[in-house]
Amino acid sequence: MKVLVPIKRVIDYNVKIRVKPDGSGVDLDNVKMSMNPFDEIAIEAALQLKEAGKVDEVVIATIGVEKSQDVLRTGLAMGADRAILVQVEGEVEPLGIAKVLAKIVGDEEPGFVILGKQAIDDDASQTGQMLSALLGWGQATFASALQLEEGYVRVTQEVDAGLQTIDVALPAIVTVDLRLNTPRYATLPNVMKAKRKPLEVITPADFGVDTSPRNTVLETYEPPARAGGITVQNVDELVEKLKNQAGVI
Amino acid sequence: MTKILLLAEHDNNTLNEATLRAVTAAKQIGDVNILVVGHACDAVAQTASKISGVEKVLLADGVVFVHQLAEPVAALLVELAPAYDVIMSAATSIGKSALPRVAALLDVAQISEIIEVVSPDTFVRPIYAGNALQKVRASEGKKVITVRPTSFEPAPSEGDAPIETLSTNTTNEKTTFVSAALSDGDRVELVSAKTVISGGRAFGSKEQFDQLLEPLAQKLNGAIGASRAAVDAGYAPNEWQVGQTGKVVAPDLYVAIGISGAIQHLAGMKDSKTIVAINSDPDAPINQIADYVLIADLFEAVPELTDKL
Ligand SMILES: Cc1cc2nc3c(=O)[nH]c(=O)nc-3n(C[C@H](O)[C@H](O)[C@H](O)COP(=O)(O)OP(=O)(O)OC[C@H]3O[C@@H](n4cnc5c(N)ncnc54)[C@H](O)[C@@H]3O)c2cc1C
Ligand SMILES: Nc1ncnc2c1ncn2[C@@H]1O[C@H](COP(=O)(O)O)[C@@H](O)[C@H]1O
């Protein structure tokens, strides 16, 4: 069985982002970009299934600018077999991403697609669920445990009140949460090897998919800053301030 | 007038407060109908019918809905969608799982976790863990929207809307419920608590986390939260995690103890009214957004604080 892992290139999670003063968006120039952290976990999950002999091939795909090849190379260096770049300019909304991914699924016929539960730039948490609906497949979201069985996948989902385990018939969509695994680092020899692994570049037009945005972003701005606080000297002063100044106890 | 169908959040017994908050957002957009989907959930529909400003409650009761899995819930919403302009839900785990399916099946883009209604077609939502805000106009006829509950006050319960029972033949062949491990219902609920006491990696063990935080939380009648590091280390269950990937809270008082204040943690608590940081490191990032900073060893400061309250 083949597994498809869609990944996204985003501003590295350690970087403090800058909002452009003219309100047109977040500054991406000269900023460190990396693979969305949840997508590293998705690749790790796929690789572990391959190592367990339950999966034959791990294909990774991204929809993004030409430079997104770098995160594909990272995924190949982790151990993915093959990569696909659907090259676009500018932002594509999750619905457009899901439509392109549905076409890739049509061509590649994976038994299973593993995505991140959310991209840390748009924080949308939509793509996996949308892809599942477009394909008419079952879905599990926010997975913290995953077990591939004959004909179905058993997934423990992190839900508001705790944990919920469900079985999803294959082919299936799973979106992964942070506690599923700890992704491996790419070793230097594997980084070298990854340079020779196949990376195919196509465009959405090849699929006949329109990825133009449906919603209009009118403005991007910084949230109001919190006023600075004070340092209290001891517990007594803290209790006094909470009582008399903040009035919260 | 814009017609809105709002999916209720509940556990078949109790209507979650998140829905009352989502109603407040929905009322700024148009006329609100509430959909209660579940099994043996009549009491939930009764509570929903009391929410002020709700025009009608739709009740879909069926065994297929008992665990509110995304596939049947979304299928039902899509079936009802032709009569509505907006499909909405609080951004709870059920809403987040089901609504993108609805959006895709209706072929519209979803707007996730709005924190402000600017006008009936324009909304503000956080991106980059709340480090930027985006004002978005939904250009399409039908809209699919989730609401961040902490950004809206709960709607009062002085209404008396009629309840209409739906008959549906929704099925679900794709997913099967196996089991659940849910937190006990007696605790103060994290998201709606007026006071939240959160602990981080610094507690060192589950025993110390519990022994130090439980008495303090009890004194303050607060809920307990945790950083991701504390959850990963097994000090606290996953549903206590506060942050970009956990719960978003905005209590009157948030006390962060032994938490450094990574942006992913701040994303879940920086809209709290009063923030207290207790940390041994004067340079911890959490100190920059806290109203009151106590530089101290938590193993001394927490018992003393509990004592003096
Ligand atoms: C994609 C992604 C999503 C994430 N989502 C979340 C999320 O939702 N929520 C979240 O919390 N994190 C999240 N994280 C993790 C986040 O980046 C931090 O790693 C995490 O919040 C750190 O937890 P901590 O503050 O408990 O631990 P640390 O960063 O290790 O901080 C411990 C703090 O305790 C202090 N301390 C140590 N000893 C004492 C003592 N005796 N007394 C007092 N203070 C002491 C230290 O000075 C330090 O400030 C996410 C990360 C990623 C990549
Ligand atoms: N441009 C993209 N290319 C490939 N996969 C993506 C892209 N955007 C999002 N995804 C996948 O969808 C997940 C959820 O993203 P989102 O719905 O944007 O929060 C990510 O973790 C990725 O697995």
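View 1. Leaving aside neighbours within four places in sequence, Ala83(A) is in contact with Ile60(A), Leu72(A), Leu76(A), Pro198(A), Leu199(A) and Glu200(A), where contact means heavy atoms within 4.5 Å. This is a predicted model, in which local features need pLDDT of at least 70 and side-chain atom pairs count only at pLDDT 80 or more, while totals for chains, interfaces and linings use all residues. Residues are numbered from 1 along each chain as its sequence is written, chains are lettered from A and ligands numbered from 1 in the order in which they are written, and side-chain values use heavy atoms, with hydrogens and water left out. Ala83(A) has a relative accessible area of 1% and is therefore buried, a term for values under 20%, with exposed meaning over 50% and partly exposed in between (1.4 Å probe, protein chains only). The C-alpha atom of Ala83(A) is separated by 13 Å from that of Lys8(A), 75 residues apart along the chain.

**View 2. The pairing of strand S5(A) with S11(A), and the helix H2(A) that packs on the sheet****.** Strand S5 (residues 82-87) of chain A pairs with S11(A) in the parallel sense over four bridges; strands (E, at least two residues) and helices (H or I, at least four) are DSSP runs numbered from the N terminus, and two strands pair if DSSP finds at least two bridges between them. Within this pairing, Leu199(A) in S11(A) is the bridge partner of Ala83(A). Helix H2 (residues 69-78) of chain A packs on the sheet and touches strand S4 (57-64), S5 and S11 of chain A, its direction making about 165 degrees with that of S5(A). Such angles run from 0 to 180 degrees between N-to-C directions, with axes being lines fitted to C-alpha atoms, for helices over the stretch in contact.

**View 3. An open sheet of ten strands****.** The strand order is S11(A)-S5(A)-S4(A)-S1(A)-S6(A)-S10(A)-S7(A)-S8(A)-S9(A)-S11(B), with mixed pairing. Strand S11 (199-202) of chain A and strand S11 (175-182) of chain B stand at the edges with a single partner strand each, so one side of each has no neighbour in the sheet. From one strand to the next, the twist averages 35 degrees. Helix H4 (residues 127-135) of chain A lies across strand S6 (112-116), strand S7 (138-148) and strand S10 (172-176) of chain A, and runs at about 175 degrees to S10(A).

**View 4. The packing of H4(A) on H4(B)****.** H4(A) packs with helix H4 (residues 93-106) of chain B at an angle of about 50 degrees, the axes being 8 Å apart. That makes H4(A) oblique to H4(B), the class left when angles under 35 degrees count as roughly parallel, over 145 as roughly antiparallel and 65 to 115 as roughly perpendicular. Among the residues that make the contact are Met130(A) and Leu134(A) of H4(A), and Pro100(B), Arg101(B) and Leu105(B) of H4(B).

**View 5. Glu71(B) in helix H3 (residues 70-80) of chain B****.** Not counting residues up to four places away in sequence, Glu71(B) touches Gly138(A), Gln139(A), Arg101(B), Asn172(B), Lys174(B) and Thr175(B). Glu71(B) is buried, with a relative accessible area of 9%. The C-alpha atoms of Glu71(B) and Val276(B), 205 residues apart along the chain, are separated by 42 Å.
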